Amino acid sequence: WEQANGIDPAHDWVKAPEEKTALKYSAAAELTEFSPEDDTEALVPFVVSFWETHHDAVALQKARDMLSRWTEGEHRLYVIRRGEQAVGFLRAHSSSPSVCWIDDLFVDAPLRGQGIASAAIAQFEAAAARQGVRSFCMEVVPDNLPALRLYHRLGYTRLSLVTVRKDLDGFETARVETIGGLPLRVRRFD
């Protein structure tokens with residue numbers, strides 16, 4: 001069935017046969033498959049900003065290299081557009097035929113709060129669901145409350161995995177969350 005319908009069962013959730021996919025959800029945004037030739041330079045500043053948000057400095061060439069790596073194997077990279085302009089990106093991979101991870105989502109800061117991220121996620125979920133995906137997962141920095149609120153509003157309410165981390169240099173605590181009776185410190189990001 002998959003091959004007859006132009007679907008690569010390993011990782012081709014949104015690619016229509018013989019064409020670059022453009023998934024329209026609303027006037028807010030359109031998701032298109034990343035083209036290294038056409039989209040790299042437009043996304044480089046977003047990759048740099050994405051890592052700055054996570055408190056890591058990334059040089060422009062390293063951002064270009066990341067974009068190349070982000071499309072290897074099971075990983076898929078999509079450009080979020082408003083009209084013809086790139087305004088962000090969504091990166092995802094499948095961990096099984098029915099489970100998909102949205103690894104990264106970024107919308108340019110001046111455009112946040114306009115429904116762009118919601119539209120991109122909804123488009124991606126709809127296309128992946130048509131290919132048999134039944135569950136979607138994300139990891140979120142616990143101090144990124146705007147992202148957590150967005151994902152919660154979109155139905156990401158099941159706690160599935162907990163990533164614990166040990167920082168040798170220490171960190172400032174923003175708050176303490178308790179899971180299973182264990183206190184876990186959330187790092188403050190300013």
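**Ring cluster, salt bridges and a surface patch**

Phe46, Phe50, Trp51, Trp70, Phe89 and Phe106 are joined into a cluster by ring pairs. Rings of Phe, Tyr and Trp (its six-membered ring) pair if their centres lie within 6.5 Å; planes under 30 degrees apart are stacked, those over 60 edge-to-face, and the rest tilted. The model is predicted: local features need pLDDT of at least 70 and side-chain atom pairs count only at pLDDT 80 or more, while totals for chains, interfaces and linings use all residues. Residues are numbered from 1 along each chain as its sequence is written, and side-chain values use heavy atoms, with hydrogens and water left out.

The whole structure holds 10 aromatic pairs. In one of them, Phe50 with Trp70, the ring centres are 6.4 Å apart and the planes stand at 90 degrees, so this pair is edge-to-face. The pair links distant parts of the chain, 20 residues apart: Phe50 is in helix α1 (residues 36-53), and Trp70 is in the loop between α2 (60-69) and β3 (76-82). Helices (H or I, at least four residues) and strands (E, at least two) are DSSP runs, numbered from the N terminus. Phe50 is buried at 6% relative accessibility, and Trp70 is buried at 7%. Buried means under 20% relative accessible area, exposed over 50%, and partly exposed in between (1.4 Å probe, protein chains only).

Side chains of opposite charge can pair when their charged atoms come close. Counting a side-chain nitrogen of Lys or Arg within 4 Å of a carboxyl oxygen of Asp or Glu as a salt bridge, there are six salt bridges. One joins Asp104 and Arg91 at 2.6 Å, N to O. This pair also links distant parts of the chain, with Asp104 in strand β5 (residues 99-107) and Arg91 in strand β4 (residues 85-96), 13 residues apart. Asp104 is buried at 12%, as is Arg91 at 14%.

Arg165 and Asp167 form a salt bridge at 2.9 Å, N to O. Here Arg165 is exposed at 63%, whereas Asp167 is partly exposed at 24%.

Ile179 lies in strand β7 (residues 173-179) and is partly exposed at 35%. Together with Leu159, Val162 and Val164, Ile179 makes a nonpolar surface patch of about 380 Å².

Technical notes
Patches are made of residues with over 30% relative accessible area and no salt bridge: like charges are joined within 9 Å, nonpolar side chains (Val, Leu, Ile, Met, Phe, Trp, Tyr) within 5 Å. Accessible areas come from the Shrake-Rupley method with a 1.4 Å probe; for residues, only the protein chains shown count as cover.
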